[in-house]
Amino acid sequence: MEEDITSFGEELDQLDLRPGEPEADEDMRADMIQALDSYETAKRTVTRVVRLEDVSAVTECLMEGRFTLALLDARRTGSPLPERRPACFFDPRHGMSTSDVPWTPPGGVTRPVPMCAADATRVANGAEPVIREVVSASGELRPHWEAGPSYRPWAGPYFGDFDMARSPQPPFWPLPRHMTITPDLTGMAINDARLEASRAHVSLDARHIDPESPPTQGIVARQHPQPGVQVVRNTTVTVWLRFALPYPTWGKPR
């Protein structure tokens, strides 16, 4: 928490504009005063932290301050005022996220993640984002989303509009070894569906909508469980197949 406060204070120190300067209009001065107030409030609040839950109040101050800085930057550059967004998922010290970008963590599944502009560019170029590591309960340095539930009060205000703050185990977290995610098999040829099911560590039970269709052919029309469901490995996914048109006279006398 101290690192977050220090980082925000350094951003304030680097501002080349002060409330009393002529180029600062009324809205800019209000933004600067609000950002400074958020910083001072965060410093006071952190000294009163007793329980883990108390950390959320500090994070709320910092999020308010960073949003105010984003408003100030937009006013100074003549850009549209930003909307409130979650902090950059990889490190809230990067500031507010600017977009949601698909990202796949090691051992997890792909999903849109709120990112700052710099990390979004890195991911788009095939590079790794700059990830913040914290000390986990075991004493190891881990990405903050893998460090355990003790970091939830800290993360909540940062990612309040993102699933991490609401779900006990969000889909982007690495799954336990005995769990997997059901793949989306709809629209696949049966042979491709069997291969995808094998990659996802689930079994496949293929059934035909038309009982006279070829037993080893067909396109997946629907499946159960639905795609994206967490299940125990080797769970059976049932698929119903339709035969691609035009339908031949399979097995019928000419």
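Visitor: Is Asp31 buried or exposed?
Guide: Asp31 is buried, with a relative accessible area of 7%. Buried means under 20% relative accessible area, exposed over 50%, and partly exposed in between, using a 1.4 Å probe and protein chains only.

Visitor: And what kind of model is this?
Guide: It is a predicted model, in which local features need pLDDT of at least 70 and side-chain atom pairs count only at pLDDT 80 or more, while totals for chains, interfaces and linings use all residues. Residues are numbered from 1 along each chain as its sequence is written, and side-chain values use heavy atoms, with hydrogens and water left out.

Visitor: Back to Asp31: which residue forms a salt bridge with it?
Guide: Arg75 does, and the closest N and O atoms are 2.5 Å apart. Because Arg75 lies in helix H3 and Asp31 in helix H2, the pair ties together parts that are 44 residues apart in sequence. A salt bridge here is a side-chain nitrogen of Lys or Arg within 4 Å of a carboxyl oxygen of Asp or Glu. Helices (H or I, at least four residues) and strands (E, at least two) are DSSP runs, numbered from the N terminus.

Visitor: How many salt bridges does the structure hold?
Guide: It holds 15. In one of them, the side chains of Arg93 and Glu3 meet at 3.6 Å, N to O. Arg93 sits in the loop between H3 and S1 and Glu3 in helix H1, 90 residues apart.

Visitor: New topic: which residues have the most contacts inside the largest nonpolar core?
Guide: They are Phe90, Trp103 and Met115, in a core of 36 residues. Helix H3 gives the most to this core, with seven residues. Apart from it lies another core, of 12 residues, among them Ile190 and Val239. A nonpolar core is a set of buried Ala, Val, Leu, Ile, Met, Phe, Trp, Tyr and Cys residues joined through side-chain atoms within 4.5 Å.

Visitor: In what order do the strands of the open sheet stand?
Guide: The order is S6-S9-S7, with mixed pairing. Strands S6 (203-208) and S7 (219-224) stand at the edges with a single partner strand each, so one side of each is left without a neighbour in the sheet. Two strands pair if DSSP finds at least two bridges between them.

Visitor: How many bridges join S7 to S9?
Guide: Five, and the two strands run antiparallel. Helix H6 (residues 190-199) packs on the sheet, touching S6, S7 and S9; contact means heavy atoms within 4.5 Å.

How values were computed. Axes fitted to C-alpha atoms, helices over the stretch in contact; angles between N-to-C directions.
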